[in-house]
Structures are given as C-alpha cells and as structure tokens.
Amino acid sequence: MVPMTVPTPDADGHTVSPDPGALVVDRRSGKVGVVMGHVGPYVQLRPPCGGREWDVPPEDVRTPTPTEELSAKVVVANRRWGR
C-alpha cells in the first residue's frame, strides 16, 4: 500500500485525502464506496456492504453529501438486520 500523496478537492473545493475506512464517492459513476487503500496512483474503493473493489484516480474521489452518507449507512444497517 502506498499512501495517497495527491490531495483532491471535493465538490466544495475542499481538499480530500481519504484514509482507509473513509466513505467517499466516485465522481465518474456516482457510486459510494469505502476506501480500502491506495495502490500506485489509484484509490481502491469497495461498496459499503462488501463486494468487488474498483480503482479510482484520486482526482475523481470526493466526500459524500450528508444525504449520500446517510443512504449508504442505511443500506449497511438494513443488510445487517436482514432487510
């Protein structure tokens, strides 16, 4: 794993340098993902409920809006309770 050295701006222009475990959005697809790590020039994301990882260039990662974050957390909670 290589730490991400290129900070990226979010939708508001704030700098984002996500650590593993952070919830972020892939700007290209709009998908919310959990940062699993950094390999080479890419940020590796995984869906909040698990699944296959995908690579995203750091400039295409942004912080989620409060609505996106809450929605992802609800999906995880519903899965936990079998809904």
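**Notebook: sheet, cores and salt bridges**

I started at the hairpin of β3 and β4, which has five residues between its strands, and found Gly-30 there with a positive phi near 80°. My strands and helices are DSSP runs (E, at least two residues, for strands; H or I, at least four, for helices), numbered from the N terminus.

Ground rules before going on. This is a predicted model, in which local features need pLDDT of at least 70 and side-chain atom pairs count only at pLDDT 80 or more, while totals for chains, interfaces and linings use all residues. Residues are numbered from 1 along each chain as its sequence is written, and side-chain values use heavy atoms, with hydrogens and water left out.

**Sheet**

I looked up the strand order next: β6-β5-β4-β3-β7, five strands in an open sheet with antiparallel pairing. I count two strands as paired if DSSP finds at least two bridges between them. The edges are β6 and β7, each pairing on one side only. Helix α1 packs on this sheet and touches β3, β4 and β7, and its direction makes about 110° with that of β3. For that angle, axes are lines fitted to C-alpha atoms, for helices over the stretch in contact, and angles run from 0 to 180 degrees between N-to-C directions.

Then the pairings, one by one. Strand β3 (residues 23-26) meets β4 (residues 32-39) over three antiparallel bridges, and Val-25 has Val-32 as its bridge partner in β4. On β7 (residues 61-62), β3 has two antiparallel bridges, and there Val-25 stands opposite Arg-62. Between β4 and β5 I get five bridges, antiparallel again, with His-38 opposite Val-43 in β5.

Which way do the β3 side chains point? Leu-23 and Val-25 go one way, Val-24 and Asp-26 the other, and all are buried. I use buried for under 20% relative accessible area, exposed for over 50% and partly exposed for in between, with a 1.4 Å probe on protein chains only.

**Cores**

I searched for nonpolar cores, meaning sets of buried Ala, Val, Leu, Ile, Met, Phe, Trp, Tyr and Cys residues joined through side-chain atoms within 4.5 Å. The largest has seven residues: Val-24, Val-35, Val-43, Leu-45, Trp-54, Val-56 and Val-61. Strands β5 (42-46) and β6 (54-56) are the elements that give it two or more residues. A second, separate core has five residues, including Val-25, Val-32, Val-34 and Ala-72.

**Salt bridges**

A search of the whole structure gave me four, taking a salt bridge as a side-chain nitrogen of Lys or Arg within 4 Å of a carboxyl oxygen of Asp or Glu. I noted three of them in detail.

- Arg-28 and Asp-26 meet at 3.1 Å, N to O. Arg-28 is partly exposed at 48%, whereas Asp-26 is buried at 2%.
- Arg-46 and Glu-53 meet at 3.0 Å, N to O. Arg-46 is partly exposed at 28%, and Glu-53 is partly exposed at 28%.
- Lys-73 and Glu-69 meet at 3.0 Å, N to O. They sit four residues apart in α1 (residues 66-80), about one turn of the helix. Lys-73 is partly exposed at 48%, and Glu-69 is partly exposed at 29%.

Key: Contact means heavy atoms within 4.5 Å.
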